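Q: I'd like to learn how to read a structure feature by feature. Could you walk me through one?

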Amino acid sequence: MRCTKRARGISRTPGAHWHSRLHSRSIEPFPPISDMQDSAPPPFIFHAGTRPLLLSIPHMGTYVPPAIAARLTDEARRVPDTDWHLDRLYAFAQELGASVLQATHSRYVVDLNRPPDNASLYPGQATTSLCPDLTFDGTPLYLDGKSVDEAEMAQRRESWWRPYHEQLRSELDRLRAQHGVAMLWDAHSIRSVLPRFFEGRLPDLNIGTAQGASCAPELGQRIHEIAAAVPGHTCVLNGRYTGGYITRHYGRPGDGFHAVQLEMTQCSYMEERWPFDYVPAKAQAIQPHLRRMLDSMVEFGRPALRGSAGAR
Ligand SMILES: [Zn+2]
């Protein structure tokens, strides 16, 4: 029997039991496989807000089903390529009235910011796939060194990719129906130095609007202005990271759907090395600026300010 969307995901209040388990797991050097047997989380956590903004956090999941974890290297079971702590960093979003959609499963299980057909996001450049077989550092994820085959990839897509995207689609549609416009913020973070993907050090705040295609141009410019004013941080609009599948697929400004991706360096709010600790002082310094960016998204959703740019 096919489960309903509500049964497959979860609408929550902060502090759900297994949610805290995910955080506690992040400080264990190697999550024991036996510890993963009893409480598989649903594919996503969802909070419905009151304003026309949806915050999507597709790479913060750390859960790996036991049958997959048993095949991973010890290093991979640490899930080092997680977008750590973004629920905590963006905790203010719910105060703004935003809806929030968070992944629970690791990107090693299935990458929610990749297209379902696994086409490359950045042709000609190194990138990771729907079911990656390497860490960001280029070491194999699987003990046998093999890639996930087509049948398993399809199963993972159905089990975890599809529910997240069905929820994302239905929430954007709900927001637009209710407010006339739907604003999507896709939140990411990454280590500042990753030679496999880019030279040198990444700018701190990488705003992606699919080269201007995923949102009204003035909105992208406004977000960029806010980022450029953050003291001690560098920024770029549509640099190395122009927006992944979520930004590109759901951003349809002509139809009232405006999507922006922010890929930020993890050193802006946490330690980039194991055990990937959150650094409150750094986080508190950047949060007011993130809040201004999300505020500007919400403000853009107001018809009087939106003008023709956000109209259907
Ligand atoms: Zn990410």
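Predicted model: local features only at pLDDT ≥ 70, side-chain atom pairs only at ≥ 80, totals over all residues.

## Reading the fold, step by step

A: Helix α7 goes past α9 in a right-handed crossing. On the α7 side, the contact is made by Leu219, Arg222, Ile223 and Ile226, while α9 brings His289, Arg292, Met293, Ser296 and Phe300. Sorted by class, this contact of α7 with α9 holds five nonpolar, two polar and two charged residues.

Q: How do I get from a crossing angle to a word for the orientation of α7 and α9?
A: You compare the angle with a cut-off: over 145 degrees counts as roughly antiparallel. Here the axes of α7 (residues 217-228) and α9 (residues 280-300) cross at roughly 160 degrees and come within 9 Å. The two helices are therefore roughly antiparallel to each other.

Q: Let me zoom out. How many helices and strands does the protein chain have?
A: Ten helices and eight strands. The chain has 312 residues, and 43% of them count as buried. For the contact pattern, take the contacts between residues at least 6 apart in sequence: 79% of those join residues at least 24 apart.

Q: Which residues touch the most other members of the largest nonpolar core?
A: That core has 68 residues, and the ones to look up are Leu54, Leu55, Leu184 and Trp185. Helix α6 (residues 150-179) supplies the largest share of this core, six residues. Pick Leu184 and list what it touches beyond four places in sequence: Leu54, Ser56, Leu172, Tyr250, Gly251, Phe257, His258 and Ala259.

Q: Is serine 189 buried or exposed?
A: Count C-beta atoms around it; 20 or more others within 10 Å makes a residue buried. Serine 189 has 24, so it is buried. You'll find it in strand β5 (residues 182-190).

Q: What is phi of valine 79 and of asparagine 118?
A: For valine 79, phi is near 40 degrees, a positive value in a residue other than glycine. For asparagine 118, also a non-glycine residue with positive phi, the value is near 65 degrees.

Q: Where do I find these two, and are they buried or partly exposed?
A: Valine 79 is in the loop between α4 (74-77) and α5 (86-89). It has 26 C-beta neighbours inside 10 Å, so it counts as buried. Asparagine 118 is in the loop between β4 (99-103) and α6. With 14 other C-beta atoms within 10 Å, asparagine 118 is partly exposed.

Methods: Residues numbered from 1 in each chain as written. Core = buried A, V, L, I, M, F, W, Y, C linked by C-beta atoms within 7 Å. Buried ≥ 20, exposed ≤ 12 C-beta atoms within 10 Å, placed from the backbone. Helix = DSSP H or I, 4+ residues; strand = E, 2+ residues; numbered from the N terminus. Contact = placed C-beta atoms within 7 Å. Axes fitted to C-alpha atoms, helices over the stretch in contact; angles between N-to-C directions. Parallel < 35°, antiparallel > 145°, perpendicular 65-115°, else oblique. Left-handed = near helix turned anticlockwise from the far one by under 90°. Nonpolar A, V, L, I, M, F, W, Y, C, P; charged D, E, K, R; others polar.
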